[in-house]
Amino acid sequence: MIIIQNGRVIDPRSQIDAIMDLVIEQDKIIALGFGISQKFLSQPADGSSDIILLDASGLVVAPGLIDVHVHFRDPGLTYKEDIHTGARAAAKGGFTTVICMANTKPPVDNVDTLEYILMEGQKTGIHVLPAAAITIGMKGEELTDMQLLKQHGAVGFTDDGLPLRDSVLVKRAMEEAARLNVPLSFHEEDPSFIENNGINQGEVSLQLGIGGSPSLAEDIMVARDCMLALHTKAAIDIQHISSGNSVRMVELAKELGANIMAEVTPHHFSLDENAVLKHGTLAKMNPPLRTEMDREAILLGLQKGVIDIIATDHAPHSMAEKSRPLTEAPSGIIGLETALALAITNLVHPGYLSLMQIIEKMSLNPARLYHLDKGFLATGANADLVLFDPGELWTVTEFVSKATNSPFMGERLFGKVKCTICGGNIVYQDISAIRKTIPCREEFQKG
């Protein structure tokens, strides 16, 4: 049994924001309320287990975070990351569920690869769920057997990392996804307009003398997929949105009745294209960091609820790969261990969003996209939680991920994860967190 005392419980589904105790037994929350811990501490022990008592005074207790967009590089590219190191990074960042993208080697377009990810994920302590590829070999030519892959555990479908250029094929994929009631997630960049990917086409690319990637490459594909979603009634996720125009198009499509969610990464709401001048390849990603005007449009989209989800697009690469010249280095950065702190630092502290709103975008809304019975705190709910101190200032100095490719190394951020609980088990705990274990047969009187 785990008893959490005196935490600030924030639950976006019920809109609870209050000091409470919370009691976990096995993998469920069995009680939630003000001052209830004494009842459980004073009951005669049954001898079955010890009680772990967590003093959450000054901490927020929230549903475990859910990341709908991670790359664990497993199978095939495990020198960058593997399922186990990725899961440890997730737990340290407060995430209890992650959705792995399909662009592994081989890609997740077959049952064997899908089941391998599920099997390894079950060994990690958190929920590792696979998205399967929309097209065979991620070649954009022929649809996978989506029904078969769903039956074997795929929670959604995506060719993330590569855009789907065939509009007729995308329409067929959406029709099948609507039939199966699964979401599709789209990487929105038309390579026809991109001279060098990973860097916005604008003042910085001109200064560096490279062509860059214009927002047009994103905008036209977002517009296409918004309209296809409207006509097919499919549930879709616009991944890692970066363009202000794309935010406006998602808003219009939602007003028209399309079933769309949009996600944004912490780096896209925290940085603009000038970060490339400071951080080089560590600020190179697809889609790229765009203008300050685009970043401000993203902030407005978050405030208005047009952007529903904060997702990391955790993309580990080796130091050798990121040390290549700017036009040759791979795109992407890691993000699981800094996402919550970046949201608190750059969204909550400046007043753009409340803690309730960022938890909604990092837990409840992701669960809704993938039809998961998660993302909320209530009696009988799954015991997936994160405890964090929103006011603690800390410096990003190290990662448990295999990779270190982050422009936020050395940054001072607010918001430190103290404890992550998944399935009723503590899967991460900061050494400074207050914890006491009470033997099951010992009588305990508070105070």
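Arg295 is buried, with a relative accessible area of 16%; buried here means under 20% relative accessible area, exposed means over 50%, and partly exposed is in between, with a 1.4 Å probe and protein chains only. The structure is a predicted model, in which local features need pLDDT of at least 70 and side-chain atom pairs count only at pLDDT 80 or more, while totals for chains, interfaces and linings use all residues. Residues are numbered from 1 along each chain as its sequence is written, and side-chain values use heavy atoms, with hydrogens and water left out.

Arg295 forms a salt bridge with Glu292, and the closest N and O atoms of the pair are 2.9 Å apart. A salt bridge is a side-chain nitrogen of Lys or Arg within 4 Å of a carboxyl oxygen of Asp or Glu. Both Arg295 and Glu292 belong to helix 11 (residues 292–304), where they are three residues apart, about one turn of the helix. Helices (H or I, at least four residues) and strands (E, at least two) are DSSP runs, numbered from the N terminus. Whereas Arg295 is buried, Glu292 is partly exposed, at a relative accessible area of 30%.

Arg165 is in the loop between strand 9 (157–158) and helix 5 (167–180), and Asp190 is in the loop between strand 10 (184–186) and helix 6 (203–208), so the pair ties together parts that are 25 residues apart in sequence. Arg165 counts as exposed, at 54% relative accessibility, but Asp190 counts as buried, at 13%.

Arg179 is exposed, with a relative accessible area of 51%, and Glu176 is partly exposed, with a value of 23%.

The structure holds zero disulfides, a disulfide being a pair of cysteine sulfur atoms within 2.5 Å. Cys100 is in no disulfide, and the nearest cysteine sulfur, that of Cys422, is 13 Å away. For Cys422, the closest cysteine sulfur is in Cys419, at 12 Å, which is too far for a bond. In general terms, a disulfide is a covalent bond between the sulfur atoms of two cysteines. Cys100 is buried, with a relative accessible area of 5%, and Cys422 is also buried, at 3%.

A cavity is a set of points where a 1.4 Å probe fits but cannot get out, and a pocket is an open set with protein on both sides within 12 Å along at least five of seven lines; lining residues have an atom within 4 Å of a point. Grid points are joined across faces, edges and corners, and a volume is the space filled by probe spheres set on the points.

The largest pocket holds about 620 Å³ of space. It is lined by 26 residues, of which Asn103, Gly161, Leu162, Asn286 and Ser331 are the closest to its centre. By class, the lining of the largest pocket has nine nonpolar, ten polar and seven charged residues. Ala, Val, Leu, Ile, Met, Phe, Trp, Tyr, Cys and Pro count as nonpolar, Asp, Glu, Lys and Arg as charged, and the others, Gly among them, as polar.

Across the whole structure, six cavities of 30 Å³ or more are found. The largest cavity has about 90 Å³ of space, and the residues lining it include Lys92, Glu337, Trp394, Lys416 and Tyr428. Helix 13 (339–348) and strand 15 (412–422) are the elements that give two or more residues to this lining. Strand 15 gives the most, with three residues. The lining of the largest cavity divides into five nonpolar, three polar and three charged residues.

Arg13 lies in the loop between strand 1 (2–11) and strand 2 (16–25), and is partly exposed, with a relative accessible area of 48%. Leaving aside residues up to four places away in sequence, Arg13 touches Leu364, Phe376 and Ala378, where contact means heavy atoms within 4.5 Å. Arg13 and Asn346 are 333 residues apart in sequence and 23 Å apart in space, C-alpha to C-alpha.

How values were computed:
On a 1 Å grid over the protein atoms alone, a cavity is a set of points where a 1.4 Å probe fits but cannot get out, and a pocket is an open set with protein on both sides within 12 Å along at least five of seven lines; lining residues have an atom within 4 Å of a point.
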